[in-house]
Amino acid sequence: MVCPVNTSSTATAAPAGEAARRRPTIRDVAAEAGVSRGTVSRYLNGGKWVSPEARDAVERAIKQTGYRANQHARSLATGRANAIAFLLAEPQDRLFADPTYAPLLRGAAEALAAREMTLTLLVAGTPKERENVVAYVEAGHVDGAMLISSHENEPLLDELLAGGVPMVSCGLPLGRTDRVASVSVDEAGGAREMVSHLRERGRRRIATITGPLDLPGGRYRLEGYRAELGADYDPALVAHGDYGTESGAAAMAELLERAPDLDAIFAASDAMAAGAITVLRRAGRRIPEDVAVGGFDDSGLAVNLDPPLTTMRQPFDRISAEMVSLLLEIVAGSATKSVTMPATLVVREST
(Lines give C-alpha, C1' and ligand atoms only; values in the text may rest on other atoms or scores of the structure.)
Protein backbone atom coordinates (compact mmCIF):
# COMPACT_ATOMS: atom_id res chain seq x y z
CA MET A 1 0.00 0.00 0.00
CA VAL A 2 1.38 3.40 -1.00
CA CYS A 3 0.42 6.64 0.69
CA PRO A 4 0.03 9.53 -1.81
CA VAL A 5 2.89 11.99 -1.42
CA ASN A 6 3.64 15.49 -2.68
CA THR A 7 6.60 14.79 -4.95
CA SER A 8 7.15 18.45 -5.73
CA SER A 9 8.64 19.25 -2.33
CA THR A 10 12.33 18.98 -1.50
CA ALA A 11 13.92 16.33 0.69
CA THR A 12 14.78 18.82 3.42
CA ALA A 13 12.46 20.40 5.94
CA ALA A 14 10.70 23.47 4.55
CA PRO A 15 11.49 26.92 5.99
CA ALA A 16 9.12 28.05 8.70
CA GLY A 17 7.44 30.64 6.47
CA GLU A 18 6.87 28.17 3.67
CA ALA A 19 5.60 25.47 6.06
CA ALA A 20 3.09 27.94 7.43
CA ARG A 21 1.70 28.56 3.90
CA ARG A 22 1.27 24.94 2.83
CA ARG A 23 0.21 21.59 4.18
CA PRO A 24 3.14 19.58 5.63
CA THR A 25 4.06 16.56 3.53
CA ILE A 26 5.49 13.12 4.14
CA ARG A 27 8.89 14.55 3.12
CA ASP A 28 8.68 17.10 5.93
CA VAL A 29 7.95 14.34 8.42
CA ALA A 30 10.86 12.25 7.12
CA ALA A 31 13.27 15.18 7.36
CA GLU A 32 12.13 16.07 10.88
CA ALA A 33 12.38 12.45 12.05
CA GLY A 34 15.70 11.79 10.33
CA VAL A 35 14.35 8.74 8.49
CA SER A 36 13.52 7.89 4.90
CA ARG A 37 10.22 8.67 3.22
CA GLY A 38 9.72 4.92 2.84
CA THR A 39 9.94 4.49 6.62
CA VAL A 40 7.28 7.17 7.16
CA SER A 41 5.08 5.60 4.50
CA ARG A 42 5.39 2.16 6.11
CA TYR A 43 4.52 3.65 9.50
CA LEU A 44 1.43 5.38 8.10
CA ASN A 45 0.33 2.18 6.42
CA GLY A 46 0.52 -0.14 9.40
CA GLY A 47 4.02 -0.01 10.83
CA LYS A 48 5.36 -3.12 9.09
CA TRP A 49 9.18 -3.31 9.21
CA VAL A 50 9.43 -0.09 11.24
CA SER A 51 11.63 -0.31 14.34
CA PRO A 52 10.34 1.00 17.69
CA GLU A 53 12.95 3.78 17.57
CA ALA A 54 11.89 4.88 14.10
CA ARG A 55 8.21 4.67 15.07
CA ASP A 56 8.82 7.00 18.03
CA ALA A 57 10.77 9.43 15.84
CA VAL A 58 8.03 9.50 13.20
CA GLU A 59 5.30 10.03 15.80
CA ARG A 60 7.23 12.97 17.27
CA ALA A 61 7.80 14.40 13.80
CA ILE A 62 4.11 14.16 12.93
CA LYS A 63 3.25 16.18 16.02
CA GLN A 64 6.07 18.66 15.39
CA THR A 65 5.20 19.31 11.74
CA GLY A 66 1.43 19.09 12.12
CA TYR A 67 1.28 16.56 9.28
CA ARG A 68 -2.17 15.22 8.37
CA ALA A 69 -2.63 12.50 5.78
CA ASN A 70 -5.04 13.12 2.91
CA GLN A 71 -7.51 10.43 3.91
CA HIS A 72 -9.76 10.86 0.86
CA ALA A 73 -6.83 10.46 -1.50
CA ARG A 74 -5.53 7.51 0.49
CA SER A 75 -8.92 5.78 0.35
CA LEU A 76 -9.18 6.29 -3.40
CA ALA A 77 -5.65 5.00 -3.92
CA THR A 78 -5.92 1.94 -1.70
CA GLY A 79 -9.60 1.01 -1.82
CA ARG A 80 -9.56 0.86 1.98
CA ALA A 81 -11.70 2.57 4.58
CA ASN A 82 -8.83 3.81 6.77
CA ALA A 83 -10.91 2.77 9.76
CA ILE A 84 -10.68 -0.07 12.25
CA ALA A 85 -13.48 -1.56 14.35
CA PHE A 86 -13.25 -1.93 18.12
CA LEU A 87 -15.65 -4.87 18.27
CA LEU A 88 -17.10 -5.84 21.65
CA ALA A 89 -18.88 -9.21 21.71
CA GLU A 90 -20.75 -8.45 24.93
CA PRO A 91 -24.05 -6.78 25.94
CA GLN A 92 -23.97 -3.00 25.64
CA ASP A 93 -24.07 -2.37 29.39
CA ARG A 94 -20.78 -4.23 29.85
CA LEU A 95 -18.99 -1.53 27.86
CA PHE A 96 -19.50 0.86 30.77
CA ALA A 97 -19.54 -1.63 33.65
CA ASP A 98 -16.23 -3.38 32.92
CA PRO A 99 -13.30 -1.08 33.83
CA THR A 100 -10.91 -2.83 31.41
CA TYR A 101 -12.68 -1.75 28.22
CA ALA A 102 -12.15 2.00 28.59
CA PRO A 103 -8.32 1.88 28.66
CA LEU A 104 -8.29 -0.55 25.74
CA LEU A 105 -10.61 1.72 23.76
CA ARG A 106 -8.59 4.82 24.63
CA GLY A 107 -5.31 3.15 23.67
CA ALA A 108 -6.70 1.97 20.33
CA ALA A 109 -8.07 5.43 19.54
CA GLU A 110 -4.71 7.05 20.29
CA ALA A 111 -2.77 4.51 18.23
CA LEU A 112 -5.05 5.04 15.22
CA ALA A 113 -5.16 8.82 15.59
CA ALA A 114 -1.37 8.86 15.29
CA ARG A 115 -1.84 7.16 11.91
CA GLU A 116 -4.65 9.50 10.82
CA MET A 117 -7.11 6.61 10.95
CA THR A 118 -10.56 6.29 12.51
CA LEU A 119 -11.73 3.95 15.27
CA THR A 120 -15.29 2.67 14.96
CA LEU A 121 -16.98 1.22 18.05
CA LEU A 122 -19.21 -1.78 17.33
CA VAL A 123 -21.15 -3.86 19.88
CA ALA A 124 -22.45 -7.34 19.09
CA GLY A 125 -24.13 -8.58 22.25
CA THR A 126 -27.32 -9.94 20.68
CA PRO A 127 -28.04 -12.03 17.56
CA LYS A 128 -29.50 -8.99 15.77
CA GLU A 129 -26.51 -6.82 16.67
CA ARG A 130 -24.21 -9.60 15.47
CA GLU A 131 -26.07 -9.77 12.15
CA ASN A 132 -25.80 -6.01 11.69
CA VAL A 133 -22.12 -5.94 12.64
CA VAL A 134 -21.20 -8.72 10.19
CA ALA A 135 -23.03 -6.93 7.37
CA TYR A 136 -21.36 -3.61 8.24
CA VAL A 137 -17.85 -5.04 8.42
CA GLU A 138 -18.16 -7.20 5.32
CA ALA A 139 -19.43 -4.14 3.39
CA GLY A 140 -15.96 -2.65 3.77
CA HIS A 141 -16.78 0.20 6.14
CA VAL A 142 -13.71 -0.83 8.19
CA ASP A 143 -10.47 -2.51 7.16
CA GLY A 144 -10.41 -4.98 10.03
CA ALA A 145 -11.60 -5.64 13.57
CA MET A 146 -10.09 -5.66 17.04
CA LEU A 147 -12.03 -8.40 18.85
CA ILE A 148 -12.70 -7.65 22.51
CA SER A 149 -14.03 -10.39 24.82
CA SER A 150 -14.70 -13.10 22.25
CA HIS A 151 -16.16 -16.22 23.87
CA GLU A 152 -15.10 -19.68 22.74
CA ASN A 153 -18.44 -20.54 21.14
CA GLU A 154 -19.15 -17.02 19.86
CA PRO A 155 -20.48 -17.43 16.27
CA LEU A 156 -19.39 -13.90 15.37
CA LEU A 157 -15.77 -14.98 14.95
CA ASP A 158 -16.65 -17.78 12.57
CA GLU A 159 -18.87 -15.51 10.50
CA LEU A 160 -16.11 -12.92 10.19
CA LEU A 161 -13.55 -15.60 9.38
CA ALA A 162 -15.84 -16.94 6.65
CA GLY A 163 -16.04 -13.42 5.24
CA GLY A 164 -12.25 -13.05 5.16
CA VAL A 165 -12.24 -10.11 7.57
CA PRO A 166 -8.78 -9.29 9.02
CA MET A 167 -8.95 -9.64 12.81
CA VAL A 168 -6.86 -9.55 15.94
CA SER A 169 -8.17 -10.79 19.29
CA CYS A 170 -7.52 -9.29 22.70
CA GLY A 171 -6.59 -12.51 24.46
CA LEU A 172 -6.13 -15.93 22.91
CA PRO A 173 -9.15 -16.79 20.71
CA LEU A 174 -10.10 -20.13 22.23
CA GLY A 175 -10.49 -22.82 19.57
CA ARG A 176 -9.19 -20.53 16.81
CA THR A 177 -5.60 -19.73 17.77
CA ASP A 178 -4.34 -21.05 14.42
CA ARG A 179 -6.64 -18.74 12.43
CA VAL A 180 -6.98 -15.51 14.43
CA ALA A 181 -4.09 -13.27 15.49
CA SER A 182 -3.99 -12.20 19.12
CA VAL A 183 -2.36 -9.96 21.69
CA SER A 184 -2.60 -11.08 25.30
CA VAL A 185 -0.93 -11.08 28.68
CA ASP A 186 0.53 -14.20 30.22
CA GLU A 187 -2.69 -15.17 32.00
CA ALA A 188 -1.41 -18.34 33.64
CA GLY A 189 1.94 -16.83 34.56
CA GLY A 190 0.26 -13.82 36.14
CA ALA A 191 -2.01 -16.03 38.22
CA ARG A 192 0.95 -18.10 39.38
CA GLU A 193 2.80 -14.97 40.45
CA MET A 194 -0.20 -13.76 42.47
CA VAL A 195 -0.61 -17.10 44.25
CA SER A 196 3.12 -17.20 44.94
CA HIS A 197 2.91 -13.72 46.43
CA LEU A 198 0.03 -14.75 48.72
CA ARG A 199 1.98 -17.80 49.86
CA GLU A 200 5.00 -15.65 50.62
CA ARG A 201 2.69 -13.62 52.85
CA GLY A 202 2.06 -16.79 54.85
CA ARG A 203 -1.36 -17.65 53.39
CA ARG A 204 -2.24 -21.33 53.14
CA ARG A 205 -5.97 -21.53 52.33
CA ILE A 206 -6.01 -19.51 49.12
CA ALA A 207 -9.34 -19.45 47.30
CA THR A 208 -10.05 -18.11 43.82
CA ILE A 209 -12.94 -16.52 41.95
CA THR A 210 -12.59 -17.32 38.26
CA GLY A 211 -13.84 -15.43 35.25
CA PRO A 212 -15.98 -17.15 32.60
CA LEU A 213 -14.22 -20.34 31.56
CA ASP A 214 -15.09 -19.80 27.89
CA LEU A 215 -12.86 -16.71 27.90
CA PRO A 216 -9.04 -17.00 27.95
CA GLY A 217 -8.66 -14.99 31.16
CA GLY A 218 -11.11 -17.19 33.01
CA ARG A 219 -9.58 -20.42 31.78
CA TYR A 220 -5.87 -19.68 31.96
CA ARG A 221 -5.89 -17.72 35.22
CA LEU A 222 -7.56 -20.74 36.82
CA GLU A 223 -4.93 -23.01 35.27
CA GLY A 224 -2.16 -20.83 36.67
CA TYR A 225 -3.75 -20.78 40.13
CA ARG A 226 -4.06 -24.56 40.12
CA ALA A 227 -0.54 -25.14 38.81
CA GLU A 228 1.04 -22.90 41.46
CA LEU A 229 -0.83 -24.61 44.31
CA GLY A 230 0.10 -28.07 43.06
CA ALA A 231 -0.79 -30.71 45.65
CA ASP A 232 -2.47 -28.02 47.81
CA TYR A 233 -5.15 -27.39 45.20
CA ASP A 234 -8.64 -27.85 46.65
CA PRO A 235 -11.69 -27.61 44.35
CA ALA A 236 -13.76 -26.45 47.34
CA LEU A 237 -11.78 -23.20 47.20
CA VAL A 238 -12.88 -22.41 43.63
CA ALA A 239 -15.96 -20.34 42.77
CA HIS A 240 -16.96 -18.81 39.46
CA GLY A 241 -17.92 -15.30 38.39
CA ASP A 242 -18.42 -13.25 35.23
CA TYR A 243 -15.75 -10.56 35.92
CA GLY A 244 -18.41 -8.23 37.35
CA THR A 245 -18.62 -6.87 40.90
CA GLU A 246 -21.91 -8.59 41.76
CA SER A 247 -20.61 -11.97 40.65
CA GLY A 248 -17.53 -11.46 42.82
CA ALA A 249 -19.74 -10.77 45.84
CA ALA A 250 -21.89 -13.86 45.18
CA ALA A 251 -18.84 -16.07 44.72
CA MET A 252 -17.23 -14.74 47.91
CA ALA A 253 -20.37 -15.52 49.92
CA GLU A 254 -20.36 -19.03 48.47
CA LEU A 255 -16.72 -19.55 49.39
CA LEU A 256 -17.14 -18.32 52.96
CA GLU A 257 -19.98 -20.77 53.47
CA ARG A 258 -18.05 -23.65 51.95
CA ALA A 259 -14.59 -22.87 53.35
CA PRO A 260 -14.83 -20.49 56.33
CA ASP A 261 -11.15 -21.09 57.15
CA LEU A 262 -9.86 -19.49 53.92
CA ASP A 263 -7.22 -16.82 54.53
CA ALA A 264 -6.71 -15.40 51.03
CA ILE A 265 -8.67 -14.82 47.84
CA PHE A 266 -7.38 -14.38 44.32
CA ALA A 267 -10.08 -12.85 42.12
CA ALA A 268 -9.55 -13.03 38.36
CA SER A 269 -10.57 -9.36 37.98
CA ASP A 270 -10.35 -6.24 40.10
CA ALA A 271 -14.12 -5.79 39.83
CA MET A 272 -14.75 -9.22 41.34
CA ALA A 273 -12.18 -8.48 44.03
CA ALA A 274 -14.16 -5.33 44.89
CA GLY A 275 -17.31 -7.43 45.33
CA ALA A 276 -15.39 -9.93 47.45
CA ILE A 277 -14.08 -7.18 49.74
CA THR A 278 -17.62 -5.93 50.40
CA VAL A 279 -18.80 -9.40 51.43
CA LEU A 280 -15.73 -10.06 53.59
CA ARG A 281 -16.31 -6.82 55.47
CA ARG A 282 -19.96 -7.69 56.06
CA ALA A 283 -18.82 -11.03 57.46
CA GLY A 284 -16.51 -9.25 59.91
CA ARG A 285 -13.30 -10.30 58.16
CA ARG A 286 -10.44 -7.80 58.26
CA ILE A 287 -8.40 -7.18 55.13
CA PRO A 288 -5.58 -8.16 55.02
CA GLU A 289 -5.28 -9.29 58.66
CA ASP A 290 -7.85 -12.10 58.34
CA VAL A 291 -8.11 -12.49 54.57
CA ALA A 292 -5.67 -11.18 51.96
CA VAL A 293 -7.23 -10.17 48.65
CA GLY A 294 -5.56 -10.06 45.22
CA GLY A 295 -7.02 -9.11 41.85
CA PHE A 296 -6.09 -8.98 38.18
CA ASP A 297 -6.08 -6.02 35.72
CA ASP A 298 -5.04 -2.83 37.58
CA SER A 299 -7.50 -0.97 35.37
CA GLY A 300 -7.80 2.03 37.71
CA LEU A 301 -10.37 0.54 40.07
CA ALA A 302 -7.73 -1.20 42.19
CA VAL A 303 -6.02 1.88 43.60
CA ASN A 304 -9.35 3.40 44.69
CA LEU A 305 -10.56 0.43 46.72
CA ASP A 306 -10.35 0.36 50.52
CA PRO A 307 -7.81 -0.97 51.14
CA PRO A 308 -6.04 -0.37 47.80
CA LEU A 309 -5.86 -3.66 45.95
CA THR A 310 -2.81 -5.79 45.23
CA THR A 311 -3.26 -6.90 41.62
CA MET A 312 -1.64 -8.07 38.40
CA ARG A 313 -1.27 -5.13 36.02
CA GLN A 314 -2.16 -5.56 32.38
CA PRO A 315 -0.35 -3.01 30.13
CA PHE A 316 -3.55 -1.89 28.40
CA ASP A 317 -1.91 0.90 26.39
CA ARG A 318 0.72 -1.48 25.02
CA ILE A 319 -1.90 -4.13 24.31
CA SER A 320 -4.01 -1.68 22.29
CA ALA A 321 -1.03 -0.29 20.39
CA GLU A 322 0.21 -3.79 19.54
CA MET A 323 -3.26 -4.88 18.43
CA VAL A 324 -3.47 -1.91 16.07
CA SER A 325 0.01 -2.54 14.62
CA LEU A 326 -0.58 -6.26 14.22
CA LEU A 327 -3.99 -5.78 12.61
CA LEU A 328 -2.66 -3.26 10.10
CA GLU A 329 0.16 -5.64 9.22
CA ILE A 330 -2.45 -8.35 8.53
CA VAL A 331 -4.47 -5.91 6.41
CA ALA A 332 -1.27 -5.30 4.43
CA GLY A 333 -0.82 -9.04 3.87
CA SER A 334 1.26 -10.33 6.78
CA ALA A 335 0.67 -13.75 8.30
CA THR A 336 -1.33 -14.37 11.46
CA LYS A 337 0.71 -14.37 14.68
CA SER A 338 0.26 -14.04 18.44
CA VAL A 339 1.97 -11.68 20.88
CA THR A 340 2.14 -12.34 24.64
CA MET A 341 3.08 -9.70 27.20
CA PRO A 342 3.87 -10.19 30.89
CA ALA A 343 1.50 -9.12 33.65
CA THR A 344 3.20 -7.24 36.50
CA LEU A 345 2.55 -7.69 40.22
CA VAL A 346 1.54 -4.44 41.93
CA VAL A 347 1.60 -4.81 45.72
CA ARG A 348 -0.75 -2.64 47.78
CA GLU A 349 -2.38 -2.80 51.21
CA SER A 350 -4.88 -5.63 50.54
CA THR A 351 -2.23 -8.32 51.00
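1. The structure is a predicted model, in which local features need pLDDT of at least 70 and side-chain atom pairs count only at pLDDT 80 or more, while totals for chains, interfaces and linings use all residues. Residues are numbered from 1 along each chain as its sequence is written, and side-chain values use heavy atoms, with hydrogens and water left out.

2. The chain holds 14 helices and twelve strands, where helices (H or I, at least four residues) and strands (E, at least two) are DSSP runs numbered from the N terminus. Of the 351 residues, 52% are buried, a term that stands for under 20% relative accessible area, with exposed meaning over 50% and partly exposed the range in between (1.4 Å probe, protein chains only).

3. Taking the contacts (heavy atoms within 4.5 Å) between residues at least 6 apart in sequence, 69% join residues at least 24 apart. The accessible surface of the chain is about 15200 Å², and 50% of that surface belongs to carbon and sulfur atoms; accessible areas come from the Shrake-Rupley method with a 1.4 Å probe, and for residues only the protein chains shown count as cover.

4. The bond from Ile287 to Pro288 is cis, with omega near 10°, and Pro288 lies in the loop between helix H13 (270-282) and strand S9 (292-297). The bond from Asp306 to Pro307 is also cis, with omega near 0°, and Pro307 is placed in the loop between S9 and strand S10 (310-313). As background, most peptide bonds are trans, and most residues other than glycine have a negative phi.

5. The loop between S9 and S10 also contains Asp298, whose phi is near 55°, a positive value in a residue other than glycine. Asp298 counts as buried because its relative accessibility is 12%.

6. A positive phi is likewise found at Tyr243, a residue other than glycine, where the value is near 85°. Tyr243 belongs to the loop between strand S7 (238-240) and helix H12 (245-258), and because its relative accessibility is 14%, Tyr243 counts as buried.

7. Is Pro127 buried or exposed? Pro127 counts as exposed because its relative accessibility is 58%, and this residue is found in helix H8 (residues 127-138). Between Pro127 and Leu156, which are 29 residues apart along the chain, the C-alpha atoms are separated by 9.1 Å.
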